[in-house]
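User: Hi! Could you walk me through this one?

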Amino acid sequence: MFPQHRQAFRAQMQDGDVALFPGATLANRNNDVDFPFRQQSDFWYLSGLNEPDGLMVFSKGINGAPDDALFVLPRDKKMEIWNGVRLGPEGAIGQLGFAEAYNLADFDAWFGDLLSKAKRLWYGLGQNTILDQKVIQMLAGLRRKIRLGMEPPHILMDPRPPLALQRSIKSPAEMELMRRAAAISSEGHLLAMAQCQPGTYEYELEALIHNTFRRHGSNDSGWSYPAIVAGGNNANILHYTANDQAVKDGDLVLIDAGAEYQGYAGDITRTFPVNGKFNPAQKEMYEVVLAALKASTEIARPGYTHEDIHNKSVEVLVDGLLQMKVLSGSAAEHIESGSYKNWYMHNTGHWIGLDVHDVGRYKVDGVSVGLEPGMVMTIEPGLYIQADDETVPAELRGNGIRIEDDIHITGGDPEVLTAAAPKEVADVEAACQAERIAPPTLETPIAS
Ligand SMILES: [Mn+2]
């Protein structure tokens with residue numbers, strides 16, 4: 001699929017164009033330990049190279065220049081013994097299908113020569129300051145030779161907007177990976193429901209979920225974003241990631257966690273009762289959020305916009321807030337005034353793909369974009385009632401509920417990629433009450 005992605009981008013280039021893309025570099029964690037490597041998403045999408053410091057060049061209609069070329073770390077027996085096998089230029093050609101490939105050390109001379117023949121340069125400034133400096137110096141150097149007949153490129157274009165559009169429509173091959181990421185994510189949530197009981201620590205559920213992700217071959221860290229495991233009132237902290245409290249009998253627990261599979265993200269939120277049974281107030285509130293999710297999912301199809309999805313959830317949630325006596329009066333007035341934002345303060349979804357909050361436009365000239373087949377988005381309505389919110393009936397306080405699915409827009413009915421994670425009340429309760437297989441503890445004798 002990577003060569004096809006390159007081809008599709010090159011189809012948007014003109015004769016005389018050169019494009020340059022920087023790969024990600026390693027980030028230091030502490031002393032001589034680096035963070036696990038994660039390739040830059042555009043670079044991964046176009047190259048399939050999972051090594052640091054790569055550089056990728058495309059050209060079109062320039063005499064003697066290849067369609068695409070990759071610059072990689074050289075094969076190096078000693079370094080590979082310490083840090084793992086490198087693809088090398090031969091692998092870049094043989095395995096990734098590049099027309100030409102070279103060691104990184106050859107880049108400056110090779111690219112300087114190509115740039116001198118180009119009319120326009122596609123390059124996204126601000127991603128790699130060292131490379132930015134190099135490109136600026138190369139262009140300045142070429143301009144100094146204008147009197148010698150040099151015609152350096154004088155148009156700099158940003159490849160990211162067209163790439164974002166390209167990435168926002170997923171190919172069938174990409175959809176297979178999205179389905180896998182969603183299936184792995186779903187299993188993590190299902191197991192957390194089964195394992196949770198009063199007194200379980202949030203981090204135990206996090207560990208169970210991450211174990212599930214890695215067990216199925218998810219990327220290095222396993223996740224596409226750090227998991228939120230929030231018992232009781234912690235669910236009312238939207239980006240809670242401390243995950244260090246014990247969950248309590250009678251509380252709900254909200255888990256927002258997704259696996260990353262071959263670069264593609266899953267993103268699921270489920271909320272379930274710690275003791276396996278919703279109390280009546282929790283159930284009523286949960287059913288409202290679930291109804292919002294279903295109503296929005298129903299219109300996740302061509303003919304509707306991203307904004308329509310949000311507005312539909314707001315409509316259902318406001319009706320629910322009226323029904324639960326959190327609000328009184330007219331739904332239309334509350335929607336108009338935004339008073340519901342005390343309990344529903346975020347948007348209803350985002351694009352998802354190689355980035356969990358994927359690239360892609362939300363508005364064009366101020367108008368919400370229409371949904372098209374091949375787009376994938378999350379739908380994630382929620383209601384958040386702080387424990388100390390005295391403006392609402394007491395039995396609702398301290399509950400935060402969000403339910404989030406990943407939705408593939410098709411020509412017809414939406415495909416719910418995360419359908420395997422239970423979300424109907426009866427299914428959630430059944431999953432919570434499923435036989436819990438207790439893992440061994442530190443106190444478990446090792447030899448018996
Ligand atoms: Mn999300």
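This is a predicted model: local features need pLDDT of at least 70, side-chain atom pairs count only at pLDDT 80 or more; totals for chains, interfaces and linings use all residues.

User: Thanks! What coordinates the manganese ion?

Analyst: D267 (OD), H350 (NE2), E380 (OE) and E404 (OE) do, at 2.1 to 2.4 Å. Donors are N, O and S atoms within 2.8 Å of the metal (3.2 Å for Na, K and Ca); water is not among the atoms, so sites may look incomplete.

User: And is D267 buried or exposed?

Analyst: D267 is buried, with a relative accessible area of 3%. Buried means under 20% relative accessible area, exposed over 50%, and partly exposed in between (1.4 Å probe, protein chains only). E380 counts as buried too, at 9% relative accessibility.

User: New topic: which residues of α8 meet α13?

Analyst: L190, M193 and A194 in α8 meet V428, A431 and C432 in α13, where contact means heavy atoms within 4.5 Å. Helices (H or I, at least four residues) and strands (E, at least two) are DSSP runs, numbered from the N terminus.

User: Where is M56 found?

Analyst: M56 is in strand β4, residues 55-60, and is buried at 0% relative accessibility. Leaving aside neighbours within four places in sequence, its contacts include R6, F21, L46 and F98.

Conventions: Residues are numbered from 1 along each chain as its sequence is written. Side-chain values use heavy atoms; hydrogens and water are left out.
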